[in-house]
Amino acid sequence: MEHIEQLWKNQNAAKNKKAKSSRKGSSEISSQKWAILSLSSIPLVMTLGNSMLIPVLPSMEKELSISAFQSSMVITVYSIVAIILIPIAGYLSDHIGRKKVIVPSLIIAGIGGLISGWAAWKLENAYWVILAGRALQGVGAAGAFPIVLPLVGDMFKNEDDVSTCLGLIETSNTFGKVLSPIFGAILAGFMWFLPFLAFPIFCAISVLMMAFLVKSPKSSQKPMPFKDFFTGIKKTFKKKGRWLYAIFFVGGILMLVLFGILFYLSEVFETEYGIKDIKKGFFLALPLGALCLASFISGKVIKKNKVLMKWLTFGGILAAALSIAALWFSIKLWYMISMFVISGIGIGIGLPCLDSLITDGVEKKERGTITSFYTSMRFIGVAAGPPIIALLMNYSNHLIFIIMSSISILAAIITLFAIKPQAKG
């Protein structure tokens, strides 16, 4: 009888502890709502700064007398610079603090936008100066969005809260992609270079929000010497390298496919169907809206269930691969858009899962650096997508669909065999 009573007490204690933890997590999110909103503004702004230019590229080609490949480099150069600098920004954020890296980076990105916009407005041969401004935007981007992921991990102790907030951050990122083609097309309808000049205004708003509404959690630990830190990173990769490399690769592939789709649609809408300006912006927003909604729901559902994260990622990538492969049969307008909407849903399901797996899976002191490698791979995908599609468009649509579907299937296979989280007891 005593044993039964004790068992009953233990069960009640466990339930109370769980309920208390849940209430604590809920109150943490509630108390940090303005900070979460401020952090969400960063991926939104960075996405606007890049994706807003996609519907403008055909106009840019005419105004500057450049090729489709050269216009794609306006997207790519931004990402290449970011790829190189993201690991440095991640390391600095682990040592001097996340906020001290994010705020100056947003200011640098805004200055880059001003340079590109001024060159497009005032200079006759503006192309190379625009690229220089875009490179400076890439410098700023390296220390902005990539540092948001580890900062969210630092701010919350409850893993459910971390997953929920990362889902909101990824949703904000994808919501930026939804707004970008519409907003870019509206601005370009007045003057084709206005999207460049709008970007610094967005950066200024985000800087003010970060400065006044976000408080970085104080760390009681002193920064490790570089040698010890580097040794710790090496040990982490040795111990967890298999699934870390898999997440890096899969994240890069998803962004390559996404930005490849956007570039392809932007060109095809205008050249094949005569869809331009704001109408094109709304058409581009359809797959991106699906991606945004899927990211939001995925972030809410996964909580801290890492096994679920793996299978949702696998299923999402497989759905994206099959829908792209289905374009082999037809590229009629609404059929093509429907297939790309399914692709957007698949990618949107996978991204918050990958964010949570990598943020929860590494130690806090190394989180900035490890997540920066992951974000670098995502930027590689962003950089590679448009020029690859621009080159493939010289051959055939079928080749584009075969390659994009094949690399998506490869990413799904890697997710299946290399990412093996254990269920928590």
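Trainee: Helix 3 passes helix 4 in what kind of crossing, left-handed or right-handed?

Mentor: Right-handed. A crossing is right-handed when the near helix is turned clockwise from the far one by less than a right angle, and left-handed when anticlockwise. Before we go on: this is a predicted model, where local features need pLDDT of at least 70 and side-chain atom pairs pLDDT 80 or more, while totals for chains, interfaces and linings use all residues. Residues are numbered from 1 along each chain as its sequence is written, and side-chain values use heavy atoms, without hydrogens and water.

Trainee: At what angle do helix 3 and helix 4 pack?

Mentor: Two packed helices are described by the angle between their axes and the distance between the axes. Helix 3 (residues 57-64) and helix 4 (residues 68-96) pack at about 120°, with axes 9 Å apart. That makes helix 3 oblique to helix 4. Helices here are DSSP runs (H or I, at least four residues), numbered from the N terminus. Axes are lines fitted to C-alpha atoms over the stretch in contact, with angles from 0 to 180 degrees between N-to-C directions. Under 35 degrees is roughly parallel, over 145 roughly antiparallel, 65 to 115 roughly perpendicular, and the rest oblique.

Trainee: And how do helix 11 and helix 12 pack?

Mentor: Helix 11 (residues 277-302) meets helix 12 (residues 306-325) at about 155°, axes 10 Å apart, so the two are roughly antiparallel. Their crossing is right-handed.

Trainee: How close do the axes of helix 5 and helix 9 come?

Mentor: Within 7 Å, for helix 5 (residues 98-122) and helix 9 (residues 194-213), crossing at roughly 165°. Helix 5 is therefore roughly antiparallel to helix 9, and this crossing is left-handed. Their contact has 16 nonpolar, 5 polar and 1 charged residues (Ala, Val, Leu, Ile, Met, Phe, Trp, Tyr, Cys and Pro count as nonpolar, Asp, Glu, Lys and Arg as charged, the others, Gly among them, as polar).

Trainee: Which residue forms a salt bridge with R98?

Mentor: D154, with the closest N and O atoms 2.7 Å apart. The partners sit 56 residues apart, R98 in helix 5 and D154 in helix 7 (residues 145-155). The count is 4 salt bridges (a Lys or Arg side-chain nitrogen within 4 Å of an Asp or Glu carboxyl oxygen).

Trainee: How many cavities of 30 Å³ or more are there?

Mentor: There are 3. On a 1 Å grid over the protein atoms alone, a cavity is a set of points where a 1.4 Å probe fits but cannot get out, and lining residues have an atom within 4 Å of a point. Points join across faces, edges and corners; the volume is the space filled by probe spheres set on them. The largest cavity holds about 170 Å³. Of its 14 lining residues, T47, N173, K177, F379 and V382 are closest to the centre. Helix 2 gives the most to that lining, 5 residues.

Terms used
1 Å grid on protein atoms, 1.4 Å probe; cavity = no way out; pocket = protein on both sides within 12 Å on 5 of 7 lines; lining within 4 Å.
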